[in-house]
Amino acid sequence: MDLGLQGRRAVVTGGSKGIGKAIAYELALEGVDVAICARGNTELQVTASMLRDKTTRNIFANALDVTVKGSVDEFIAKAAQEFGGLDILVNNAGSPVTGTFEEVDLDRWRQDLDVKLFAPIYCIQAALPYLKESDQPRIININSIVGRQSTPDYIANSTDRAACLGFNKVLSDNLAKYGILVNSINPGNVKSEAWDSTIEYFAPEEELEQWYKTVSKDTPLGRVAEADEIAALATFLASKRAGYITGASIDIDGGLTRYI
Ligand SMILES: NC(=O)c1ccc[n+]([C@@H]2O[C@H](COP(=O)([O-])OP(=O)(O)OC[C@H]3O[C@@H](n4cnc5c(N)ncnc54)[C@H](OP(=O)(O)O)[C@@H]3O)[C@@H](O)[C@H]2O)c1
């Protein structure tokens with residue numbers, strides 16, 4: 001299948017590790033120039049070097065916090081200048097916040113809303129002038145199944161992701177007139193470093209591999225996803241072959257959610 005991605009230009013937030021890194025790699029393999037960002041510069045530069053070594057594409061990496069609007073504006077403008085425009089924005093940066101209503105820290109909750117809802121808004125505002133110029137513009141929001149399925153141990157996550165899903169849908173309607181396709185990918189459980197913090201909350205005594213088995217017991221496919229399985233879907237949604245998909249919210253969870 002020709003995905004029509006050769007020579008396209010993308011920004012992937014949170015591209016230093018986990019799902020974002022896998023998406024950046026898959027896009028670069030398909031011929032896309034990719035700009036990545038994360039707060040931690042060391043891991044970001046290691047990932048950027050890996051992407052340059054393993055692909056032939058132009059890779060741009062900038063350390064920043066996506067909740068700081070000025071930094072986002074600067075990063076996206078620099079990426080667009082480096083690549084001569086932008087076609088794809090993947091809003092992926094984020095980390096899980098555990099806790100029930102009575103446990104969750106209010107400041108941490110506000111911070112989560114900043115990262116998961118307002119940071120994508122900043123990125124989209126900054127990227128919009130460039131996306132309007134593209135003939136294959138795409139916005140892909142990495143959300144979570146917890147936005148669709150009440151998840152009591154993640155009340156902040158669950159609430160904030162539901163807002164993100166609402167935003168994804170309304171935005172797709174607003175931007176359709178520019179031909180900009182806006183879609184949400186909602187992963188279930190995916191192997192990544194994000195689990196280091198959640199395991200501390202749920203089962204501090206368990207080894208990570210054992211914990212992956214524990215969380216997979218209600219998943220029909222019986223396992224946790226690999227990050228590159230999420231990247232494959234993101235790459236398809238970025239492609240020209242996904243030209244009639246917008247406003248969609250696609251679960252990728254091994255069958256974990258049971259709603260119809
Ligand atoms: N793994 C799962 O099971 C799962 C399930 C559903 C949804 N998701 C979602 O998928 C996305 C990626 O998760 P992941 O599992 O790949 O996590 P991860 O391995 O912890 O990677 C998260 C990435 O986001 C960056 N990041 C976090 N906060 C940031 C900020 N304020 N500014 C800039 N960069 C920031 C991190 O780098 P720094 O820490 O250096 O900033 C890192 O590059 C998240 O939005 C997450 O909520 C994950």
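This is a predicted model: local features need pLDDT of at least 70, side-chain atom pairs count only at pLDDT 80 or more; totals for chains, interfaces and linings use all residues.
**View 1. Helices H4 and H5 pack against each other.** Here helix H5, residues 155–175, packs with H4 at an angle of about 30°, and the two axes are 10 Å apart. H4 and H5 are therefore roughly parallel to each other. Their crossing is right-handed. On the H4 side, look for Trp109, Asp112, Leu113, Lys116 and Leu117, which meet Ala156, Asn157, Asp160, Arg161, Ala163, Cys164 and Phe167 in H5. Sorted by class, this contact has seven nonpolar, one polar and four charged residues.

**View 2. Helices H3 and H4 form another packed pair.** Helix H3 covers residues 69–83, and its axis lies 9 Å from that of H4, at an angle of about 30°. With that angle, H3 is therefore roughly parallel to H4. The crossing of H3 and H4 is right-handed. H3 brings Lys69, Val72, Asp73, Ile76, Ala77 and Ala80 to the contact, while H4 brings Tyr122, Cys123, Ala126, Ala127 and Tyr130. The residues in this contact of H3 with H4 comprise nine nonpolar, no polar and two charged.

**View 3. Seven strands line up in an open sheet.** Follow the strands in the order E3-E2-E1-E4-E5-E6-E7, with parallel pairing. At the edges you will find strand E3 (59–63) and strand E7 (249–252), each of which pairs on one side only. Neighbouring strands of this sheet are turned by 15° against each other on average, direction ignored.

**View 4. Strands E1 and E4 pair within the sheet, and H4 lies across them.** E1 (residues 9–13) and E4 (residues 88–91) pair in the parallel sense over three bridges. Helix H4, residues 106–133, lies across E1, E4 and strand E5 (138–142), and runs at about 175° to E4.

**View 5. A shell of 28 residues surrounds the ligand.** Gly14, Gly18, Arg39, Gly40 and Gly94 are the closest of these residues. Which element gives the most to the shell around the ligand? H1 does, with three residues. By class, the shell has eleven nonpolar, twelve polar and five charged residues.

Key: Residues are numbered from 1 along each chain as its sequence is written. A residue is near a molecule or strand if its C-beta atom, placed from the backbone, lies within 6 Å of it. Helices (H or I, at least four residues) and strands (E, at least two) are DSSP runs, numbered from the N terminus. Ala, Val, Leu, Ile, Met, Phe, Trp, Tyr, Cys and Pro count as nonpolar, Asp, Glu, Lys and Arg as charged, and the others, Gly among them, as polar. Two strands pair if DSSP finds at least two bridges between them. Axes are lines fitted to C-alpha atoms, for helices over the stretch in contact, and angles run from 0 to 180 degrees between N-to-C directions. Two residues are in contact if their C-beta atoms, placed from the backbone, lie within 7 Å. Angles under 35 degrees count as roughly parallel, over 145 as roughly antiparallel, 65 to 115 as roughly perpendicular and the rest as oblique. A crossing is left-handed if the near helix is turned anticlockwise from the far one by less than a right angle, and right-handed if clockwise.
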